[in-house]
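Here are my notes for you, point by point. Keep the model open while you read.

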Amino acid sequence: MIKIPIAIIGAGGMGGRHLRALGALYESGMANVELVGVCDKNEGNANHLADNAKELLGKRPAVFNSLENMKKEMPEIEAVDITTDSGSHHQVAEEAFNLGYNVLCEKPLAITIKGSNKVIEAWKKSGKVLSVAEQERRDPICRLTKALLEADVIGNPYSFLNGSARGSKDIIILPWRHHKNMGGIFVDAGVHIVDQMMYYLGDIEEVYAVSKLWEKKRYKGEKIGVSNFYEKWASSVPNEIEADSEDMVISTLKFKNGAIGQWTSFYAAHGEITEYAMIYGSKGSMTPAKQRRGDPLRLNLDGIGEISGDQVLELVPNFHLDELTSRLFKSERLGSYKTPFEDVDKFLVALEYYELGQCITDGTKPEVDAYVGRKDLAVCNAALESSVLGRTVTIEEIENEITSEYESSINDYWKI
Ligand SMILES: NC(=O)c1ccc[n+]([C@@H]2O[C@H](COP(=O)([O-])OP(=O)(O)OC[C@H]3O[C@@H](n4cnc5c(N)ncnc54)[C@H](O)[C@@H]3O)[C@@H](O)[C@H]2O)c1
(Lines give C-alpha, C1' and ligand atoms only; values in the text may rest on other atoms or scores of the structure.)
Protein backbone atom coordinates (compact mmCIF):
# COMPACT_ATOMS: atom_id res chain seq x y z
CA MET A 1 0.00 0.00 0.00
CA ILE A 2 1.29 3.50 -0.86
CA LYS A 3 2.05 5.49 2.30
CA ILE A 4 1.50 9.23 2.09
CA PRO A 5 4.18 11.25 3.95
CA ILE A 6 2.52 13.42 6.58
CA ALA A 7 3.47 15.76 9.44
CA ILE A 8 1.76 16.57 12.73
CA ILE A 9 1.56 20.32 13.38
CA GLY A 10 1.04 20.98 17.09
CA ALA A 11 2.73 18.63 19.54
CA GLY A 12 0.65 19.17 22.69
CA GLY A 13 -1.90 16.86 24.31
CA MET A 14 -3.93 16.13 21.17
CA GLY A 15 -0.80 15.85 19.01
CA GLY A 16 0.23 13.01 21.35
CA ARG A 17 -3.18 11.36 21.00
CA HIS A 18 -2.91 11.56 17.21
CA LEU A 19 0.50 9.88 17.45
CA ARG A 20 -1.05 7.01 19.43
CA ALA A 21 -3.68 6.77 16.68
CA LEU A 22 -0.95 6.39 14.08
CA GLY A 23 0.46 3.56 16.21
CA ALA A 24 -2.95 1.83 16.03
CA LEU A 25 -3.20 2.40 12.27
CA TYR A 26 0.31 0.98 11.68
CA GLU A 27 -0.60 -2.07 13.81
CA SER A 28 -3.84 -2.64 11.90
CA GLY A 29 -1.89 -3.48 8.74
CA MET A 30 -3.90 -0.86 6.81
CA ALA A 31 -1.60 2.17 7.19
CA ASN A 32 -1.79 4.43 4.14
CA VAL A 33 0.03 7.39 5.73
CA GLU A 34 3.47 7.66 7.31
CA LEU A 35 4.60 10.19 9.90
CA VAL A 36 7.81 11.85 8.67
CA GLY A 37 7.62 15.34 10.28
CA VAL A 38 6.56 17.15 13.44
CA CYS A 39 6.19 20.91 13.61
CA ASP A 40 5.56 23.05 16.68
CA LYS A 41 6.52 26.60 17.52
CA ASN A 42 7.54 25.17 20.91
CA GLU A 43 10.67 23.15 20.13
CA GLY A 44 10.51 21.20 23.41
CA ASN A 45 7.03 19.92 22.56
CA ALA A 46 8.06 19.01 18.99
CA ASN A 47 11.08 17.03 20.21
CA HIS A 48 9.02 15.29 22.88
CA LEU A 49 6.52 14.10 20.25
CA ALA A 50 9.32 13.06 17.87
CA ASP A 51 10.98 11.02 20.65
CA ASN A 52 7.68 9.32 21.44
CA ALA A 53 7.18 8.64 17.73
CA LYS A 54 10.58 6.93 17.54
CA GLU A 55 9.57 4.70 20.44
CA LEU A 56 6.08 3.93 19.14
CA LEU A 57 6.59 3.80 15.37
CA GLY A 58 10.28 2.88 15.21
CA LYS A 59 11.35 5.96 13.24
CA ARG A 60 11.99 9.51 14.46
CA PRO A 61 10.22 12.12 12.34
CA ALA A 62 12.13 15.31 11.45
CA VAL A 63 11.41 18.29 13.69
CA PHE A 64 10.47 21.81 12.47
CA ASN A 65 9.42 25.07 14.06
CA SER A 66 7.54 26.48 11.07
CA LEU A 67 5.58 25.18 8.07
CA GLU A 68 7.71 27.29 5.77
CA ASN A 69 10.95 25.61 6.89
CA MET A 70 9.31 22.22 6.68
CA LYS A 71 8.22 22.86 3.09
CA LYS A 72 11.75 23.92 2.14
CA GLU A 73 13.52 21.03 3.83
CA MET A 74 11.05 18.21 3.16
CA PRO A 75 9.06 19.06 0.03
CA GLU A 76 7.93 15.43 -0.20
CA ILE A 77 5.44 15.87 2.69
CA GLU A 78 1.95 15.80 1.15
CA ALA A 79 -0.37 16.35 4.11
CA VAL A 80 -0.42 18.03 7.50
CA ASP A 81 -2.46 17.12 10.54
CA ILE A 82 -3.22 20.30 12.49
CA THR A 83 -3.43 19.75 16.24
CA THR A 84 -2.46 23.25 17.37
CA ASP A 85 -4.71 25.01 19.86
CA SER A 86 -8.02 26.08 18.35
CA GLY A 87 -7.38 29.84 18.12
CA SER A 88 -4.57 29.26 15.62
CA HIS A 89 -6.38 26.85 13.26
CA HIS A 90 -7.44 29.50 10.75
CA GLN A 91 -3.85 30.77 10.38
CA VAL A 92 -2.16 27.38 10.26
CA ALA A 93 -4.73 25.87 7.87
CA GLU A 94 -4.63 28.85 5.50
CA GLU A 95 -0.82 28.75 5.40
CA ALA A 96 -0.90 24.98 4.84
CA PHE A 97 -3.16 25.32 1.79
CA ASN A 98 -1.05 28.17 0.42
CA LEU A 99 1.99 25.88 0.69
CA GLY A 100 0.12 23.13 -1.18
CA TYR A 101 -0.61 20.64 1.63
CA ASN A 102 -3.65 18.42 2.10
CA VAL A 103 -5.07 19.06 5.56
CA LEU A 104 -6.63 17.12 8.40
CA CYS A 105 -7.60 19.86 10.89
CA GLU A 106 -8.67 19.19 14.47
CA LYS A 107 -12.07 20.57 15.37
CA PRO A 108 -13.16 23.34 15.43
CA LEU A 109 -12.21 24.27 11.85
CA ALA A 110 -11.62 27.78 13.24
CA ILE A 111 -13.03 29.62 16.24
CA THR A 112 -14.97 32.16 14.16
CA ILE A 113 -17.08 31.83 11.04
CA LYS A 114 -15.04 34.55 9.36
CA GLY A 115 -11.92 32.47 10.10
CA SER A 116 -13.62 29.31 8.78
CA ASN A 117 -14.66 31.10 5.60
CA LYS A 118 -11.06 32.23 5.04
CA VAL A 119 -9.86 28.63 5.42
CA ILE A 120 -12.57 27.45 3.01
CA GLU A 121 -11.48 30.05 0.46
CA ALA A 122 -7.81 28.94 0.69
CA TRP A 123 -8.85 25.26 0.52
CA LYS A 124 -10.97 25.82 -2.62
CA LYS A 125 -8.12 27.65 -4.34
CA SER A 126 -5.67 24.85 -3.49
CA GLY A 127 -7.71 21.94 -4.86
CA LYS A 128 -6.41 19.84 -1.93
CA VAL A 129 -8.25 17.72 0.66
CA LEU A 130 -9.68 19.32 3.80
CA SER A 131 -10.98 16.97 6.46
CA VAL A 132 -12.09 18.13 9.90
CA ALA A 133 -11.01 15.80 12.68
CA GLU A 134 -14.37 15.12 14.29
CA GLN A 135 -13.98 11.55 15.43
CA GLU A 136 -16.88 10.90 17.78
CA ARG A 137 -19.42 9.85 15.12
CA ARG A 138 -16.93 7.12 14.07
CA ASP A 139 -17.55 5.22 17.30
CA PRO A 140 -19.17 1.85 16.37
CA ILE A 141 -22.10 2.50 18.72
CA CYS A 142 -22.67 5.94 17.14
CA ARG A 143 -22.70 4.21 13.73
CA LEU A 144 -25.31 1.81 15.14
CA THR A 145 -27.37 4.69 16.52
CA LYS A 146 -27.40 6.29 13.08
CA ALA A 147 -28.37 2.99 11.38
CA LEU A 148 -31.30 2.55 13.80
CA LEU A 149 -32.54 6.08 13.17
CA GLU A 150 -32.27 5.52 9.41
CA ALA A 151 -34.24 2.28 9.82
CA ASP A 152 -37.00 4.41 11.40
CA VAL A 153 -37.13 2.34 14.59
CA ILE A 154 -38.27 5.28 16.75
CA GLY A 155 -40.32 6.82 13.93
CA ASN A 156 -40.49 10.47 13.07
CA PRO A 157 -38.02 12.35 15.35
CA TYR A 158 -39.77 14.80 17.67
CA SER A 159 -37.01 15.89 20.03
CA PHE A 160 -33.34 15.69 21.02
CA LEU A 161 -32.59 16.44 24.65
CA ASN A 162 -28.91 16.81 25.47
CA GLY A 163 -27.23 18.15 28.55
CA SER A 164 -24.22 18.04 30.79
CA ALA A 165 -23.31 19.81 34.01
CA ARG A 166 -19.84 19.55 35.53
CA GLY A 167 -16.65 21.58 35.89
CA SER A 168 -17.03 23.47 39.17
CA LYS A 169 -14.31 26.17 39.19
CA ASP A 170 -11.48 23.94 37.99
CA ILE A 171 -9.32 24.80 34.99
CA ILE A 172 -10.65 22.46 32.29
CA ILE A 173 -7.69 20.68 30.64
CA LEU A 174 -5.49 23.75 29.91
CA PRO A 175 -6.06 27.48 30.60
CA TRP A 176 -6.67 28.43 26.94
CA ARG A 177 -10.10 26.76 27.08
CA HIS A 178 -11.27 29.59 29.35
CA HIS A 179 -10.38 32.42 26.98
CA LYS A 180 -12.81 33.68 24.37
CA ASN A 181 -10.02 34.56 21.93
CA MET A 182 -8.65 31.01 22.06
CA GLY A 183 -11.95 29.18 21.64
CA GLY A 184 -13.58 28.71 25.04
CA ILE A 185 -14.75 25.40 26.49
CA PHE A 186 -18.30 25.82 25.14
CA VAL A 187 -17.07 25.88 21.52
CA ASP A 188 -14.26 23.40 22.17
CA ALA A 189 -16.61 20.69 23.45
CA GLY A 190 -19.77 22.04 21.82
CA VAL A 191 -18.74 21.27 18.24
CA HIS A 192 -18.56 17.57 19.19
CA ILE A 193 -22.08 17.61 20.62
CA VAL A 194 -23.51 19.55 17.69
CA ASP A 195 -21.80 17.18 15.26
CA GLN A 196 -23.44 14.20 16.99
CA MET A 197 -26.87 15.86 17.06
CA MET A 198 -26.74 16.79 13.36
CA TYR A 199 -25.23 13.40 12.39
CA TYR A 200 -28.30 11.78 13.94
CA LEU A 201 -31.12 14.18 13.10
CA GLY A 202 -29.81 16.32 10.21
CA ASP A 203 -29.11 20.04 10.08
CA ILE A 204 -30.12 22.52 12.75
CA GLU A 205 -31.53 25.72 11.26
CA GLU A 206 -32.35 28.01 14.21
CA VAL A 207 -31.09 28.57 17.74
CA TYR A 208 -32.32 30.58 20.69
CA ALA A 209 -29.95 30.60 23.67
CA VAL A 210 -28.86 32.30 26.85
CA SER A 211 -25.22 32.18 27.93
CA LYS A 212 -23.37 33.19 31.04
CA LEU A 213 -19.93 33.23 32.64
CA TRP A 214 -20.28 32.13 36.26
CA GLU A 215 -16.72 31.35 37.34
CA LYS A 216 -14.52 34.30 36.48
CA LYS A 217 -11.58 32.79 38.32
CA ARG A 218 -10.58 29.18 37.74
CA TYR A 219 -8.18 27.09 39.79
CA LYS A 220 -5.88 24.18 39.09
CA GLY A 221 -7.78 21.02 39.97
CA GLU A 222 -6.46 17.68 41.17
CA LYS A 223 -6.36 16.24 37.68
CA ILE A 224 -5.25 17.88 34.43
CA GLY A 225 -7.06 16.81 31.27
CA VAL A 226 -8.39 13.57 29.92
CA SER A 227 -6.82 10.24 30.96
CA ASN A 228 -3.03 10.85 31.33
CA PHE A 229 -2.69 12.61 27.97
CA TYR A 230 -1.70 15.99 29.49
CA GLU A 231 0.62 14.83 32.29
CA LYS A 232 3.72 16.39 30.72
CA TRP A 233 2.17 19.87 30.98
CA ALA A 234 0.56 19.52 34.43
CA SER A 235 3.33 21.43 36.23
CA SER A 236 3.01 24.36 33.80
CA VAL A 237 -0.69 24.94 34.62
CA PRO A 238 -0.95 28.00 36.92
CA ASN A 239 -2.79 27.70 40.24
CA GLU A 240 -5.25 30.42 39.28
CA ILE A 241 -6.42 32.08 36.06
CA GLU A 242 -8.93 34.76 35.00
CA ALA A 243 -11.60 33.26 32.71
CA ASP A 244 -13.46 35.29 30.08
CA SER A 245 -15.39 32.74 28.06
CA GLU A 246 -18.90 31.46 28.76
CA ASP A 247 -19.25 28.45 31.05
CA MET A 248 -23.00 28.03 30.67
CA VAL A 249 -25.08 28.04 27.48
CA ILE A 250 -28.67 26.82 27.40
CA SER A 251 -30.15 26.51 23.92
CA THR A 252 -33.37 25.67 22.14
CA LEU A 253 -32.69 24.21 18.70
CA LYS A 254 -34.91 23.87 15.66
CA PHE A 255 -33.87 21.09 13.26
CA LYS A 256 -34.69 21.32 9.54
CA ASN A 257 -36.76 18.12 9.82
CA GLY A 258 -39.02 19.82 12.36
CA ALA A 259 -37.59 18.23 15.52
CA ILE A 260 -36.95 20.50 18.50
CA GLY A 261 -33.83 20.19 20.61
CA GLN A 262 -32.90 21.32 24.08
CA TRP A 263 -29.15 21.59 24.78
CA THR A 264 -27.58 22.50 28.11
CA SER A 265 -23.81 22.99 28.30
CA PHE A 266 -22.84 23.85 31.87
CA TYR A 267 -19.16 23.87 32.82
CA ALA A 268 -19.45 25.66 36.16
CA ALA A 269 -21.67 23.12 37.91
CA HIS A 270 -20.75 22.41 41.52
CA GLY A 271 -21.81 19.20 43.25
CA GLU A 272 -23.24 16.29 41.31
CA ILE A 273 -22.24 15.75 37.70
CA THR A 274 -24.99 15.03 35.20
CA GLU A 275 -24.90 14.00 31.56
CA TYR A 276 -27.84 12.94 29.43
CA ALA A 277 -28.96 12.49 25.83
CA MET A 278 -32.39 11.30 24.69
CA ILE A 279 -33.97 11.16 21.25
CA TYR A 280 -37.77 10.94 21.15
CA GLY A 281 -39.75 9.94 18.06
CA SER A 282 -43.31 9.09 17.05
CA LYS A 283 -42.80 5.36 17.91
CA GLY A 284 -40.47 5.42 20.90
CA SER A 285 -37.30 6.76 22.45
CA MET A 286 -33.59 6.12 22.14
CA THR A 287 -30.86 6.69 24.69
CA PRO A 288 -27.82 6.99 22.43
CA ALA A 289 -24.63 5.51 23.85
CA LYS A 290 -21.90 7.81 25.14
CA GLN A 291 -19.14 7.66 22.58
CA ARG A 292 -15.88 5.91 23.52
CA ARG A 293 -17.56 4.14 26.46
CA GLY A 294 -18.94 1.08 24.65
CA ASP A 295 -22.13 0.94 26.73
CA PRO A 296 -25.15 -0.45 24.87
CA LEU A 297 -27.68 2.06 23.64
CA ARG A 298 -31.27 1.65 24.82
CA LEU A 299 -34.49 1.73 22.86
CA ASN A 300 -37.94 1.95 24.38
CA LEU A 301 -40.55 1.29 21.72
CA ASP A 302 -44.33 1.70 21.88
CA GLY A 303 -46.01 -1.69 22.39
CA ILE A 304 -42.66 -3.49 22.78
CA GLY A 305 -40.79 -1.91 25.69
CA GLU A 306 -37.05 -1.82 26.27
CA ILE A 307 -34.51 -3.32 23.85
CA SER A 308 -30.77 -2.90 24.29
CA GLY A 309 -27.34 -4.40 23.63
CA ASP A 310 -27.00 -7.07 20.94
CA GLN A 311 -30.81 -7.40 20.66
CA VAL A 312 -30.83 -4.01 18.97
CA LEU A 313 -28.73 -5.44 16.13
CA GLU A 314 -31.68 -7.60 15.05
CA LEU A 315 -33.52 -4.43 14.03
CA VAL A 316 -30.80 -3.55 11.53
CA PRO A 317 -29.76 -6.83 9.83
CA ASN A 318 -27.80 -5.03 7.12
CA PHE A 319 -25.73 -2.94 9.55
CA HIS A 320 -21.97 -3.52 9.13
CA LEU A 321 -18.92 -1.55 10.20
CA ASP A 322 -16.30 -0.64 7.59
CA GLU A 323 -13.17 -2.77 7.20
CA LEU A 324 -10.77 -0.73 9.35
CA THR A 325 -13.31 -0.22 12.18
CA SER A 326 -14.00 -3.97 12.14
CA ARG A 327 -10.28 -4.73 12.37
CA LEU A 328 -9.69 -2.27 15.20
CA PHE A 329 -12.75 -3.34 17.24
CA LYS A 330 -12.48 -6.99 16.16
CA SER A 331 -16.08 -7.30 14.96
CA GLU A 332 -18.13 -5.99 12.08
CA ARG A 333 -21.36 -5.76 14.09
CA LEU A 334 -21.28 -4.45 17.64
CA GLY A 335 -24.09 -3.72 20.11
CA SER A 336 -21.59 -2.78 22.84
CA TYR A 337 -17.86 -3.18 23.53
CA LYS A 338 -15.46 -3.43 26.45
CA THR A 339 -12.41 -1.87 24.74
CA PRO A 340 -10.61 0.50 27.15
CA PHE A 341 -11.22 4.25 26.66
CA GLU A 342 -7.57 4.97 25.72
CA ASP A 343 -7.70 2.36 22.94
CA VAL A 344 -11.03 3.58 21.56
CA ASP A 345 -9.65 7.12 21.63
CA LYS A 346 -6.80 6.15 19.33
CA PHE A 347 -8.91 3.89 17.10
CA LEU A 348 -11.34 6.69 16.24
CA VAL A 349 -8.51 9.05 15.25
CA ALA A 350 -6.84 6.22 13.29
CA LEU A 351 -10.02 6.08 11.19
CA GLU A 352 -9.61 9.79 10.42
CA TYR A 353 -6.04 9.29 9.24
CA TYR A 354 -7.03 6.36 7.06
CA GLU A 355 -9.84 8.34 5.48
CA LEU A 356 -7.44 11.25 4.80
CA GLY A 357 -5.06 8.86 3.00
CA GLN A 358 -7.94 7.48 0.92
CA CYS A 359 -9.20 10.94 -0.02
CA ILE A 360 -5.73 11.98 -1.20
CA THR A 361 -5.20 8.75 -3.14
CA ASP A 362 -8.54 8.27 -4.85
CA GLY A 363 -10.26 11.65 -4.61
CA THR A 364 -13.10 10.55 -2.29
CA LYS A 365 -14.66 13.23 -0.08
CA PRO A 366 -14.05 13.23 3.66
CA GLU A 367 -17.12 12.53 5.79
CA VAL A 368 -16.60 15.65 7.92
CA ASP A 369 -15.61 18.14 5.26
CA ALA A 370 -15.19 21.92 5.43
CA TYR A 371 -18.93 22.57 5.27
CA VAL A 372 -19.84 20.08 7.99
CA GLY A 373 -17.03 21.49 10.17
CA ARG A 374 -18.25 25.04 9.58
CA LYS A 375 -21.86 24.14 10.37
CA ASP A 376 -20.82 22.46 13.65
CA LEU A 377 -19.15 25.72 14.66
CA ALA A 378 -22.02 27.83 13.29
CA VAL A 379 -24.55 26.22 15.65
CA CYS A 380 -22.28 26.99 18.65
CA ASN A 381 -21.71 30.53 17.45
CA ALA A 382 -25.42 30.98 16.75
CA ALA A 383 -26.12 30.15 20.41
CA LEU A 384 -23.57 32.72 21.60
CA GLU A 385 -24.85 35.27 19.07
CA SER A 386 -28.44 34.65 20.13
CA SER A 387 -27.55 35.39 23.73
CA VAL A 388 -25.92 38.69 22.75
CA LEU A 389 -28.79 39.77 20.48
CA GLY A 390 -31.60 38.42 22.67
CA ARG A 391 -33.35 36.82 19.68
CA THR A 392 -33.47 33.63 17.63
CA VAL A 393 -30.57 33.35 15.19
CA THR A 394 -30.55 31.27 12.00
CA ILE A 395 -27.55 29.18 10.97
CA GLU A 396 -27.80 30.75 7.52
CA GLU A 397 -27.25 34.23 9.03
CA ILE A 398 -24.19 32.98 10.90
CA GLU A 399 -22.59 31.04 8.03
CA ASN A 400 -23.04 33.99 5.69
CA GLU A 401 -21.65 36.45 8.29
CA ILE A 402 -24.90 38.48 8.20
CA THR A 403 -24.68 38.87 11.96
CA SER A 404 -21.42 38.47 13.89
CA GLU A 405 -21.67 40.59 17.06
CA TYR A 406 -20.33 37.83 19.29
CA GLU A 407 -17.32 36.87 17.21
CA SER A 408 -16.33 40.36 16.04
CA SER A 409 -13.93 40.94 18.96
CA ILE A 410 -12.25 37.57 18.26
CA ASN A 411 -11.85 38.52 14.60
CA ASP A 412 -10.33 41.85 15.70
CA TYR A 413 -7.93 40.06 18.09
CA TRP A 414 -6.65 37.72 15.35
CA LYS A 415 -6.91 40.41 12.62
CA ILE A 416 -9.13 38.13 10.53
N1 LIG B 1 -11.13 15.70 18.90
C2 LIG B 1 -10.96 15.70 20.21
O3 LIG B 1 -11.52 14.89 20.93
C4 LIG B 1 -10.03 16.70 20.82
C5 LIG B 1 -9.60 16.55 22.14
C6 LIG B 1 -8.68 17.48 22.65
C7 LIG B 1 -8.26 18.53 21.84
N8 LIG B 1 -8.74 18.65 20.58
C9 LIG B 1 -8.33 19.78 19.73
O10 LIG B 1 -6.95 19.65 19.45
C11 LIG B 1 -6.35 20.95 19.38
C12 LIG B 1 -5.16 20.98 20.31
O13 LIG B 1 -5.58 20.84 21.64
P14 LIG B 1 -4.56 20.44 22.79
O15 LIG B 1 -5.37 20.16 23.97
O16 LIG B 1 -3.63 19.42 22.27
O17 LIG B 1 -3.75 21.81 22.95
P18 LIG B 1 -2.32 22.00 23.59
O19 LIG B 1 -2.29 23.38 24.09
O20 LIG B 1 -2.01 20.84 24.49
O21 LIG B 1 -1.32 21.86 22.34
C22 LIG B 1 -1.23 22.78 21.30
C23 LIG B 1 0.16 22.73 20.68
O24 LIG B 1 0.13 23.53 19.49
C25 LIG B 1 1.32 24.32 19.46
N26 LIG B 1 1.04 25.49 18.61
C27 LIG B 1 0.19 26.53 18.83
N28 LIG B 1 0.15 27.38 17.81
C29 LIG B 1 1.02 26.89 16.88
C30 LIG B 1 1.40 27.30 15.59
N31 LIG B 1 0.92 28.42 15.05
N32 LIG B 1 2.31 26.55 14.90
C33 LIG B 1 2.84 25.42 15.47
N34 LIG B 1 2.50 24.98 16.69
C35 LIG B 1 1.58 25.68 17.39
C36 LIG B 1 1.59 24.65 20.92
O37 LIG B 1 2.93 25.04 21.10
C38 LIG B 1 1.26 23.30 21.58
O39 LIG B 1 2.36 22.44 21.60
C40 LIG B 1 -7.46 21.95 19.74
O41 LIG B 1 -7.99 22.50 18.58
C42 LIG B 1 -8.52 21.11 20.44
O43 LIG B 1 -9.81 21.61 20.24
C44 LIG B 1 -9.60 17.75 20.06
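1. How many helices and strands does the protein have? This is a predicted model, and in it the protein has twelve helices and 17 strands. Its radius of gyration is 21 Å, close to the 22 Å that the globule rule gives for 416 residues, so the protein is as compact as a globular protein of that length.

2. On to overall dimensions. Buried residues account for 48% of the 416 residues. Take the contacts between residues at least 6 apart in sequence: 75% of them join residues at least 24 apart.

3. Now try colouring by domain. The domain assignment gives domain 1 (4-136 + 364-368) and domain 2 (140-290 + 295-335). Their centres, taken over C-alpha atoms, are separated by 25 Å.

4. Have a look at where the two domains touch. Here 15 residues of domain 1 are in contact with 19 residues of domain 2. On the domain 1 side, α1 gives the most, with five residues. That side divides into four nonpolar, six polar and five charged residues.

5. Finally, the ligand. There are 25 residues around the ligand, and G10, G12, M14, N42 and S86 come nearest. Helix α1 (residues 13-28) turns up here too: it gives the most to the shell, with three residues. Both domains take part, since the shell draws at least three residues from each of domain 1 and domain 2. Sorted by class, the shell has eight nonpolar, eleven polar and six charged residues.

Note on methods. Residues numbered from 1 in each chain as written. Predicted model: local features only at pLDDT ≥ 70, side-chain atom pairs only at ≥ 80, totals over all residues. Near = placed C-beta within 6 Å. Helix = DSSP H or I, 4+ residues; strand = E, 2+ residues; numbered from the N terminus. Nonpolar A, V, L, I, M, F, W, Y, C, P; charged D, E, K, R; others polar. Domains from an automatic or database assignment. Rg over C-alpha atoms; globule rule 2.2 N^0.38 Å. Buried ≥ 20, exposed ≤ 12 C-beta atoms within 10 Å, placed from the backbone. Contact = placed C-beta atoms within 7 Å.
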